[in-house]
Amino acid sequence: MVGKSLVFAALALSMGVLCACRDGLISRGNDALRIGDYDRAVKNFSAALDDNPLDRDARYGLALSYYAIAEDKEKLKGETLPLWERTVAEFRILWNVDSTSKIRQAYSNSLFYLAKSTLGNNSRANVLPLLDRSIALDSANYFSFNLKALIFENLGRIDEAKDIYVYTITRDSSFVSAYVNLGNLYWREGDVPSAWDIWSMGLKQDSTSRSLRYWTAVAEDSLKSMIDSGKL
């Protein structure tokens, strides 16, 4: 009995040490992530995962660390494709551990950035599956909707592109890019009144948008010319 008690005590002590070590790694990882020391954050979260690959907190911290690294590189206009590939891979693994709503937005955003970066490297790449997955994870990710509509335009699927822009504007009236792109689409079709309608609607939402201000003015001038010439 004494021998068994000693074994149980040793096991309990061992578990306590492991938990303390794990908590220390997670804590240091979170601290490093918080102050932007991403390489150290990756090191600590990875060490925690070496002990337990199913550790949800370590998985989440590691995915966020790679997301932050890729996002910083994105701002510097550097090569981001490998980083977003790694970030998406980490979120995909995390999804197998925890598929709750907490990770959906970041996972969805990483898929959008991966699609965008992939197109930057190869404009003919098929990224629609990435965007569809992004939208399935977060139905309010209008950046993914917008990129999908632009791809549809390039594929000649104009009506589908219009539907997405209209859907986006209906759901989020402040999403300026949808106004710009939908107006551009009407303009290329020669539908000046519709282009002006959309651009002016967008300008009411964001009066600071240079693009909307410029194109609304261009459309107004065109409408005046059409009226003066009797074409409208």
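Q: Is aspartate 163 buried or exposed?
A: This is a predicted model in which local features need pLDDT of at least 70 and side-chain atom pairs count only at pLDDT 80 or more, while totals for chains, interfaces and linings use all residues. Residues are numbered from 1 along each chain as its sequence is written, and side-chain values use heavy atoms, with hydrogens and water left out. Buried means under 20% relative accessible area, exposed means over 50%, and partly exposed is in between (1.4 Å probe, protein chains only). The relative accessible area of aspartate 163 is 53%, so the residue is exposed.

Q: In which helix is aspartate 163 found?
A: Helices are DSSP runs (H or I, at least four residues), numbered from the N terminus. The run of residues 158–171 holds aspartate 163, and this run is helix H8.

Q: How far apart in space are aspartate 163 and aspartate 55?
A: In sequence, aspartate 163 and aspartate 55 are 108 residues apart. From C-alpha to C-alpha, their distance in space is 42 Å.

Q: Which residues are in contact with glycine 29, leaving aside its neighbours within four places in sequence?
A: Glycine 29 belongs to helix H1 (residues 2–35). Its relative accessible area is 0%, so glycine 29 is buried. Contact means heavy atoms within 4.5 Å. With the neighbours within four places left aside, glycine 29 is in contact with Ala41, Asn44 and Phe45.

Q: Which residues does serine 65 contact, leaving aside its neighbours within four places in sequence?
A: Serine 65 is part of helix H3 (residues 56–75). It has 0% relative accessibility and therefore counts as buried. Beyond its neighbours within four places, serine 65 is in contact with Leu33, Tyr38, Ala41, Val42 and Phe45.

Q: What value is phi of lysine 77 near?
A: Most residues other than glycine have a negative phi. Lysine 77, in the loop between H3 and H4, counts as exposed because its relative accessibility is 76%. Its phi is positive although the residue is not glycine, and lies near 60°.

Q: Against which helices do the buried residues of H6 pack?
A: Helix H6 covers residues 128–137, and its buried residues are Leu128, Leu131, Ser134, Ile135 and Leu137. They pack against H4 (81–97), H5 (104–121) and H7 (142–154).

Q: How many aromatic pairs does the structure hold?
A: Rings of Phe, Tyr and Trp (its six-membered ring) pair if their centres lie within 6.5 Å; planes under 30 degrees apart count as stacked, over 60 as edge-to-face and the rest as tilted. Ring pairs link Tyr67, Trp84, Phe112, Tyr113, Tyr142, Phe143, Phe145, Tyr167 and Phe175 into a cluster. The number of aromatic pairs in the structure is 15.

Q: Why is the pair of tryptophan 187 and tryptophan 199 given its class, and what is that class?
A: The ring centres of tryptophan 187 and tryptophan 199 are 5.7 Å apart. Their planes stand at 40°, so the pair is tilted.

Q: Which helices hold tryptophan 187 and tryptophan 199?
A: Tryptophan 187 has 26% relative accessibility and so counts as partly exposed, whereas tryptophan 199, at 0%, counts as buried. The pair ties together parts that are 12 residues apart in sequence, because the two residues lie in H9 (residues 176–188) and H10 (residues 192–205).

Q: Over the face of which residue does arginine 133 lie?
A: A charge sits over a ring if NZ of Lys or CZ of Arg is within 6 Å of the ring centre and within 35 degrees of the ring normal. The charged end of arginine 56 sits 4.6 Å from the ring centre of tyrosine 60, over that ring. Arginine 133, at 5.3 Å from the ring centre, lies over the face of tryptophan 95.
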